[in-house]
Amino acid sequence: MNKHHESTGPSDEQQITLRGPAELADALPYLMGFHPNDSVVMVALHGGRGRFGGRLRLGIPQSAQEWPSVAEQLAECLITGSERRGSRPDAIVIFLCQDPAGGETGNQTMERLRPFAQRLRTACGAQDVPVLEALCISDNRYWSYCCPDVRCCPADGNPLAIPGTSVMAAAATYAGIQVRGSLREMESRLAPQAAAGTEQQQALDSAGAVLLPKLLDEEGRREVCGSTLKLARRLMKRLVEMPAAMPSLSDLNDDRLISHEEAAAVILGLQDRETRDKAAEWMEGPEAESALRLWRALARRCVAPYEEHAAAPLTLAGWVAWSTGDEPAARVALGLALRLDPGYTFAQLLHEACNQGLDPETLRRCLRGERTTRTVRRGHRTGRVAGARSVRAQAAGRRGARPASTRPATATGRRRAEQSRAQGRRGTRTRR
């Protein structure tokens, strides 16, 4: 189960009036940007007219024993999150979306999830926020847990509207809102590819034997950082020269353009926190698209037993998606990263910031500053070294000595200076 919720802030750009459970059920994919299968979704409502506010998604816990505690956590999270963004919800709408298990009917799925729906309603009520509607969506039908009238909410449920025929679909088309498919389909684009299994595992094993010892040494880390970023740059250039096609075809083409050895080298290099943070600077402009394609391709190469290594490329994919305005894709990638490694700090921070509706420009500005500072320092260091060589060469010429005799001492001095500056840095951890 994914224990990291997903939420979005309110949007006032489009005003749409939804009447009754049928239109609420049809609106859900447009509210989320995808069909949230195997999910509980909670949406905050504000004001007398029920304006949509924050929304939250979580994978439905498989064990019913978890339902009470999860319900309390979700209610508190949505309500307090809405308060931080400006106002407390006046009501909440709940959706439970799950396909029938083996041998089940949609009606049986609805009944199995009824206790969870009741727990969620009780948890919201305990926070003094009523649940306006609670729906179960299963097998292309919907049921209401709140309406007892069998004339409008029969025991067999009601069929969902034909896609594209509702008022919400028309308004979404006008606003340029697209539904990406199901959550399962979006996650599959980031999942390890079985076809690359054995060869990719062998490449990761070989690369690990070479790179991991270097990551334990400060000078070796700098070497790995430089080589990883250079290789990633080359791969991004290779990808951008191949125009993106349909998602599935584009992924296949990207996988073919990256060898097992190249993928292994970058995946392991990104386990170093400093290397990953520098790679996060490719977040906007022409770099963003090719970087996103690269991070997705690398996530697909994290085959067993290297699944947890995907936390780094998945987090980078989520960051670039969020930075470029694709919040649904960002939440899916960050949710997967946290599912693989719940303690991965970078993913936790990005996920929380995205859920709270913060502006990614704050982090973009910080990363731009890091890049500028590093460039200025590099320029100053180059200038100082060149100036020192010039002065020493002139002095050596006056003494009749060869200028070349000063170079070993200069190189040694630079190494000592770099080692001294590096002493205060924190060590590399893969869970940051």
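The model is a predicted one, and the protein in it contains 16 helices and seven strands. Of its 432 residues, 46% are buried. Where contacts join residues at least 6 apart in sequence, 73% of them link residues that are at least 24 apart.

**Surface**

- The accessible surface of the protein amounts to about 21,900 Å², and carbon and sulfur atoms account for 52% of that area.

- R300 belongs to helix α11, which covers residues 286–300.
- Because its relative accessible area is 2%, below the 20% cut-off, R300 counts as buried.
- A polar atom of the R300 side chain lies 3.0 Å from the backbone oxygen of R189.
- When neighbours within four places in sequence are set aside, the residues in contact with R300 are R189, L190, A191, P192 and Q193, together with the aspartates D251, D254 and D255.

**Helices α6 and α9**

- Helix α6 (residues 197–215) and helix α9 (residues 260–269) have axes that come within 8 Å of each other and cross at roughly 40 degrees.
- On the α6 side the contact is made by E199, Q200, A203, L204, A207, G208, L211 and L215, while α9 contributes H260, E261, A263, A264, A265, I267 and L268.
- An α-helix has 3.6 residues a turn, so residues three or four places apart point the same way.
- The crossing of α6 and α9 is right-handed.

**Helices α13 and α14**

- The axes of helix α13 (residues 327–340) and helix α14 come within 10 Å, with a crossing angle of roughly 145 degrees.
- This crossing of α13 and α14 is left-handed.
- From α13, the residues making the contact are R331, L334, G335, A337 and L338, and from α14 they are A347, Q348, L350, H351, C354 and N355.
- Helix α14 spans residues 345–355, and its buried residues are F346, A347, L350, H351, A353, C354 and N355.
- Just after α14 comes G357, a residue whose phi is positive, at about 75 degrees.

Key:
Residues numbered from 1 in each chain as written. Predicted model: local features only at pLDDT ≥ 70, side-chain atom pairs only at ≥ 80, totals over all residues. Heavy atoms only, no water. Helix = DSSP H or I, 4+ residues; strand = E, 2+ residues; numbered from the N terminus. Buried < 20%, exposed > 50% of the residue type's maximum accessible area, 1.4 Å probe, protein only. Contact = heavy atoms within 4.5 Å. Areas by Shrake-Rupley, 256 points an atom, 1.4 Å probe, with all protein chains shown as cover. Polar contact = N/O pair within 3.5 Å; in protein donor to acceptor, adjacent residues only side chain to side chain. Axes fitted to C-alpha atoms, helices over the stretch in contact; angles between N-to-C directions. Left-handed = near helix turned anticlockwise from the far one by under 90°.
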